[in-house]
Amino acid sequence: MGYFKYFFLFGSILFSSYTSIGYAQSNVKISRDIGIRNEFSYEILPNFFGKNLLFRDRGREFFIDIFDNEMEFIRTDELTFDVRRCKVNKVLVKDSLLYLFHTFNKKDTTVLAVRYYGEGLNLLKSDTLLKYKSEEFDIDFKEITSFDESKLLLFQLVKSTFLSIVVNVNGYESNIYSSIKSNFMDKGDRESFRGVRVTNQGSYFVVFEEGNSWDRPKDHAFSLFYNAGSAEFIGSKITLPKVLSSGVRINYDEQNKRIALAGLYSTKSTDEIEGIYLFNKPISQITPYEEVELLPLDSKLVQELYGKKKVKKPIIRDHVIKLLKHRSDGGVVIVTEMEKEFSRRGGAGISPFAPTNNFNNNGPLSVRNLVDFYNEDMLVFSINKDATTDWRKVFFKKQFSQDDNGIFSSFFYFATDNRMRLIFNDEIKSSNTVSEYVLDPLGRFERNALLNTDYKDLKLRFRDAVQISANEFIVPSERNYKLALVKLKI
């Protein structure tokens, strides 16, 4: 398999000893720079016959840069197609093949096809998987893969009509597992859509939310639809008892066949978060009508977070759930992070009438808008499958940046069988220390320094890092429209 996969056994295996890599240069491999000024997107594809690949999408041009295991550059290949306009929906490394799933229009028909590439990135075969009339849907699909990457779900939602295509990824025998066009009508549309998950067996879940507003808190609910490959969906209405949600995370547990929805709730203002709501049940036990569990924050946690001796009411501000994972016993681990944006006009040393290159610039006399991004302290909760809290921790960090959409902030989740690591930049600048929090199943933790980027000309995007083994990951570094791949061994 291309990506390193693991079962999250957090909560069942004792914490083993470890040592920080410190600043050992032998454990850090840095590729040469690749220009990305014209790229729409890129994706890291590790472990392809001992090589690491970088796929780059320019809209109508597609490239793959090849690096060896030491991150030394080998060459760049351009991927060409026989059609003028083509959308690459997913690039996947699996079963000693590189799969490229793409869609294109041919007269009034949309074609979903797959290409198979071998070790030398030579095209081995191309197959058409599906054709359909392109009156209602275009070629731009969203995608998500199952845990073992054996299933690929491509989907579009136009108004309330949902087109879902599940592909069975199985070497040259890849085929369509199911293709369903559904209309959820008043039960869900693009605005109320919250997410989708696909299982290793090809079934999938679609989640919508309704009533998350001040005037309808009593009608607040999630609509959970489950499809096992037939033309019909099994539905469940999951109510939130008179609370508002500031966002939802969804996770499916392959080991215990459980689906979980979690978020932060409040009763008066989404600025004042009072606790966590959680729904976590086996598929076989879900009924047509369910309700979330509410887990209120406690005063000691809030005191520890804000450093106060007393608090009038246990609330936190500006936090969002960034991570929801199942433990091996069916419980969950939740990580929240303080995330805030502050927009202001002008700035120190900048004339408010100076011309700018901002997208919202309306002329040479436009005022420059500056945006400050704050990503700070994290809360980690370990919650049992009966919705009782096992333990919770406060982790402190401070990240501040301007006009970068916060792409270098937040953290990277790295997990093995017996510990989880949250890796992040201490500061958002080129000369920076990379740190981590390491947790064991009992909630014990340590903070380590992993890397110092002084004189390395790096700005690391940990949000987009990729775990490639039990002790290695690759993180992209971006500076001045140039991209480098950094491989770390920890």
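Lys 459 lies over the face of Phe 408, 4.5 Å from the ring centre. A charge counts as over a ring if NZ of Lys or CZ of Arg is within 6 Å of the ring centre and within 35 degrees of the ring normal. This is a predicted model: local features need pLDDT of at least 70, side-chain atom pairs count only at pLDDT 80 or more, and totals for chains, interfaces and linings use all residues. Residues are numbered from 1 along each chain as its sequence is written, and side-chain values use heavy atoms, with hydrogens and water left out.

**Charge over ring**
- The charged end of Lys 151 sits over the ring of Tyr 177, 5.9 Å from its centre.

**Aromatic pairs**
- Rings of Phe, Tyr and Trp (its six-membered ring) pair if their centres lie within 6.5 Å; planes under 30 degrees apart count as stacked, over 60 as edge-to-face and the rest as tilted.
- The count by this rule is 30 aromatic pairs.
- One of them joins Phe 62 and Phe 81 edge-to-face, at 5.6 Å centre to centre and 80 degrees between the planes.
- Phe 62 lies in strand β5 (residues 62-67) and Phe 81 in the loop between β6 (73-79) and β7 (87-94), so the pair ties together parts 19 residues apart in sequence.
- Strands (E, at least two residues) and helices (H or I, at least four) are DSSP runs, numbered from the N terminus.
- Phe 62 is buried at 2% relative accessible area, and Phe 81 is buried at 16%.
- Buried means under 20% relative accessible area, exposed over 50%, partly exposed in between (1.4 Å probe, protein chains only).
- Phe 225 and Phe 233 are both buried.
- One aromatic cluster includes Phe 155, Phe 162, Tyr 204, Phe 225 and Phe 233.

**Helix α1**
- Leu 301, Val 302 and Leu 305 are buried in α1 (residues 299-306).
- These residues cover an arc of only 95 degrees around the axis, so they sit on the same side of α1.
- The arc is taken from the directions from the helix axis to the C-beta atoms.
- Just after α1, Gly 307 takes a positive phi of about 70 degrees.

- Strands β31 (residues 433-439) and β32 (residues 445-452) pair antiparallel over seven bridges.
- Two strands pair if DSSP finds at least two bridges between them.
- Val 438 has Glu 446 of β32 as its bridge partner.
- Five residues lie between the strands of this hairpin, where Gly 443 takes a positive phi near 90 degrees.
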